[in-house]
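Subject: A structure for you to explore

Hi there,

Here is the structure I promised to pass on. Please open it beside this email and look up each residue as you read.

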Amino acid sequence: MKNIKKIKIKNLKLKIISLCVLCALCGYSFAAEPNDILSKLNNSVKTIKKLSAQIEYVHAQPLFETKTTRAGKIFYVKDVNSSRLRINFLTLKQDDANEQTYREDYVFDGWKFTKIDHQSKSANTEQLAKDKAIEPFELVQDYFPIVGFDEPAKLGEQFEITVIDGNIPQLKLIPKENSRYGKSYKQIDCKLNPANYLPVEFIASTCDDEEITIKLTQIDLKKEIDKTTFDLNIPADYTQK
């Protein structure tokens, strides 16, 4: 009997070891390390001086069974004097229709936000800061669920954070009761690039039961960005507010 028990215990240990190895090979862990992941995220974003990438913005409305996809480019620069961020949407695709030209620009300079709609030939500017410039990656969060590029430590002030460790590290963010995002989103999932822990995909469930997915691809942190990229250049015949 003792030998049988020993064999059973030995077999159980082998199964546990095999399960652990399998989990490791599949990229899963039994317990994620939130502080470690957030620390790596913080170390990655705080060194960004310039960033350019392709951006895809998908807005799904299940109630109406529609999906709209916008695509374009995003630019960011940070220097001693200022930081600036620009999103240029260039195309639009609705459901199964053909992709078409669609130009819309969003510019954040730390002080104000300007949206230029080339379809309606209009421009709208909002003053967001008076005494001190605000980091553009913080400002953009009120218009797009692009979280994580601002100080990651601030995420804990606005969200309950769950870290999902694995081949692709993820942050599950649920707005706190008094969060500035509570009226807009139920949850935001932020996927990180495992190579450098930069945010690359954002999936937001809105309070209107819609879903917004934003993907950043072809991210370049070295390419020089011409300063004129952030010039507004609003045509004279556009309506301005």
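Predicted model: local features only at pLDDT ≥ 70, side-chain atom pairs only at ≥ 80, totals over all residues.

Residues are numbered from 1 along each chain as its sequence is written, and side-chain values use heavy atoms, with hydrogens and water left out.

**Strand S1 and its partners**

Let's begin with strand S1, residues 50-61. Helices (H or I, at least four residues) and strands (E, at least two) are DSSP runs, numbered from the N terminus. Because 9 of its 12 residues are buried, S1 is largely enclosed by the rest of the structure. Here, buried means under 20% relative accessible area, exposed means over 50%, and partly exposed is in between (1.4 Å probe, protein chains only).

Which strands pair with S1? One is S2 (residues 66-78), which runs antiparallel to S1 and is joined to it by 12 bridges. Two strands pair if DSSP finds at least two bridges between them. If you look at Gln 54, you will find Lys 73 of S2 opposite. S1 and S2 form a hairpin with 4 residues between them, and Glu 65 in that turn has a positive phi of about 55°. The other is S11, also antiparallel to S1, with 8 bridges; there, Ser 52 has Asp 220 as its bridge partner.

**Salt bridges**

How many salt bridges does the structure hold? There are 14, where a salt bridge is a side-chain nitrogen of Lys or Arg within 4 Å of a carboxyl oxygen of Asp or Glu. Side chains of opposite charge can pair when their charged atoms come close.

One of them joins Glu 224 and Lys 50, with the closest N and O atoms 3.5 Å apart. This pair links distant parts of the chain, 174 residues apart: Glu 224 is in the loop between strand S11 (211-220) and strand S12 (239-240), and Lys 50 is in S1.

Another salt bridge connects Asp 237 with Lys 121, at 3.7 Å between the closest N and O atoms. Here too distant parts of the chain are linked, 116 residues apart, with Asp 237 in the loop between S11 and S12 and Lys 121 in the loop between strand S5 (112-117) and strand S6 (122-127). Asp 237 is exposed at 53% relative accessible area, and Lys 121 is partly exposed at 42%.

Lys 154 and Glu 151 also meet in a salt bridge, 3.8 Å from N to O. Shared partners join Glu 138, Asp 142, Asp 150, Glu 151, Lys 154 and Arg 180 into one network of salt bridges. Lys 154 has a relative accessible area of 28%, so it is partly exposed; Glu 151 is partly exposed as well, at 46%.

**Positive phi angles**

Although it is not a glycine, Lys 121 has a positive phi of about 55°. Asp 209, not a glycine either, has a positive phi of about 60°. Asp 209 sits in the loop between strand S10 (199-206) and S11, and it is exposed, with 52% relative accessible area.

**A buried glutamate**

Now find Glu 104 in strand S4 (residues 100-108). With a relative accessible area of 4%, Glu 104 is buried. What does its side chain touch? It makes polar contacts with the side chains of Tyr 102, at 3.0 Å, and Tyr 106, at 2.9 Å. A polar contact is a pair of N or O atoms within 3.5 Å; within protein, one must be able to donate a hydrogen and the other to accept it, and residues adjacent in sequence count only if both atoms are side-chain atoms.

Happy exploring!
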